[in-house]
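Q: I would like a close look at a single part of this structure. Please set that part in its wider context as well.

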Amino acid sequence: KNRPEVNIAEWTEGILTGNRGMLAQAITLIESNAEHHFRTAQKLLQELLPHSGNAIRIGITGVPGAGKSTFIEAFGTFLCDLGLKVAVLAVDPSSSISGGSILGDKTRMEQLSRNPRAFIRPSPSAGKLGGVHRKTRETITLCEAAGFNVILVETVGVGQSEVLVRDMVDFFMLLVLTGAGDELQGMKKGIMELADAVLVNKADGENKRLALKTKAEYNRILHFLQPATKGWQTKAATCSAIYQEGMKDIWDTIQSFEKTTKKSGVFENRRRAQTKEWIYAMIIDQLQFSFFNHQEVKPLLPQMENEVIAGARTVTSAVEELFQAYSINKKL
Ligand code: GDP
């Protein structure tokens, strides 16, 4: 009980005036799995919420090796040079499962991490008080309150994490490689249908010609797909992250997207839908936590598993038994 009290008013003021130390500590509270940290972070968020919402939120995905971190380094630096403040967050599905990490090691984006206008935060790990989506969304809120104009959310192109990130950002882009002839065929249409832009990276040197050809192929396919955002035709472009080429073009595209979708109301509608979705995602998180940590359910679960596997019980009956146990002495 001798915890040092966090002065909420002081922290709110600190974050609003751009105190990075306080911002970083506040994110740590959000990411913490300790109950008292969670409570403190929620109080802080309540204060900061009215000051958030003013940034453009951009998601970036692509397979490992597509050049995401090189791109973010180049694009982030470009934006900082325009006088913007850029926060880089990551959603790394691997870290919560294997403990290892595809994204988020500290040696990446060295130049950007030294830029006083930039703020880089590696992926949080999932914990019992809600998953990565809650943490990332709340971190976006904090960064916006701290005055960042652009939030870049990076995720690796494997499975569910793109959908997760698509649900938190205004603009979503897919970084791809050349020589994609076959890859293009094999690529899940689903991912392309999430994207507001497809960027063929590494369009430099001998690869440039091929990159332009790949871009044309993507454009042909995109033409037949359902657009990710109503009223916006997703297009492919080329860039070279390593030579910092194509950065202005993509920024122009994003600004044009923002203008178009704000005018049509699609921008605000999406944000409202995302906020609503956030509520349900968190309810599911809490329910899962409450179920799997329930004092009657926990010991019963392995027993039910065994009985089902041994063929002694149907899955439905095992689940019913577990929910019966869950409703006894239920408390969160
Ligand atoms: P990530 O796994 O998607 O984050 O990819 P990285 O940013 O780590 O890049 C993977 C490799 O591709 C690295 O060796 C980069 O130097 C290289 N790379 C990234 N962007 C470019 C580019 O625009 N042109 C070339 N030629 N190489 C690049």
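Which residues of α4 are buried?

A: In this predicted model, the buried residues of α4 are K68, S69, F71, I72, E73, A74, F75, G76, T77, L79 and C80. The helix is thus mostly covered, with 11 of its 14 residues buried, where buried denotes under 20% relative accessible area.

The geometry of α4 may be considered next. The helix comprises residues 68–81, and at 1.5 Å a residue its 14 residues should span 20 Å; the end C-alpha atoms are 20 Å apart, so expectation and model agree. Just after α4, G83 adopts a positive phi of about 95°.

Burial also marks a strand of the chain. In β5 (residues 171–176), 6 of the 6 residues are buried, so the strand is largely enclosed by the rest of the structure. In a regular strand, side chains alternate between the two faces of the sheet. Both faces of β5 are covered: F171, M173 and L175 lie on one side, F172, L174 and V176 on the other, and all are buried.

The pairing of β5 involves two strands. Strand β1 (residues 56–62) runs parallel to β5 and is joined to it by 4 bridges; M173 of β5 is the bridge partner of I60. Strand β6 (residues 197–200) also pairs with β5 in the parallel sense, over 4 bridges, and there V198 of β6 is the bridge partner of L174.

The chain exposes about 17,100 Å², of which carbon and sulfur atoms supply 54%. Among contacts between residues at least 6 apart in sequence, 78% join residues at least 24 apart.

Terms used: Residues are numbered from 1 along each chain as its sequence is written. This is a predicted model: local features need pLDDT of at least 70, side-chain atom pairs count only at pLDDT 80 or more; totals for chains, interfaces and linings use all residues. Side-chain values use heavy atoms; hydrogens and water are left out. Contact means heavy atoms within 4.5 Å. Accessible areas come from the Shrake-Rupley method with a 1.4 Å probe; for residues, only the protein chains shown count as cover. The expected span of a helix is 1.5 Å times one less than its number of residues. Buried means under 20% relative accessible area, exposed over 50%, partly exposed in between (1.4 Å probe, protein chains only). Two strands pair if DSSP finds at least two bridges between them.
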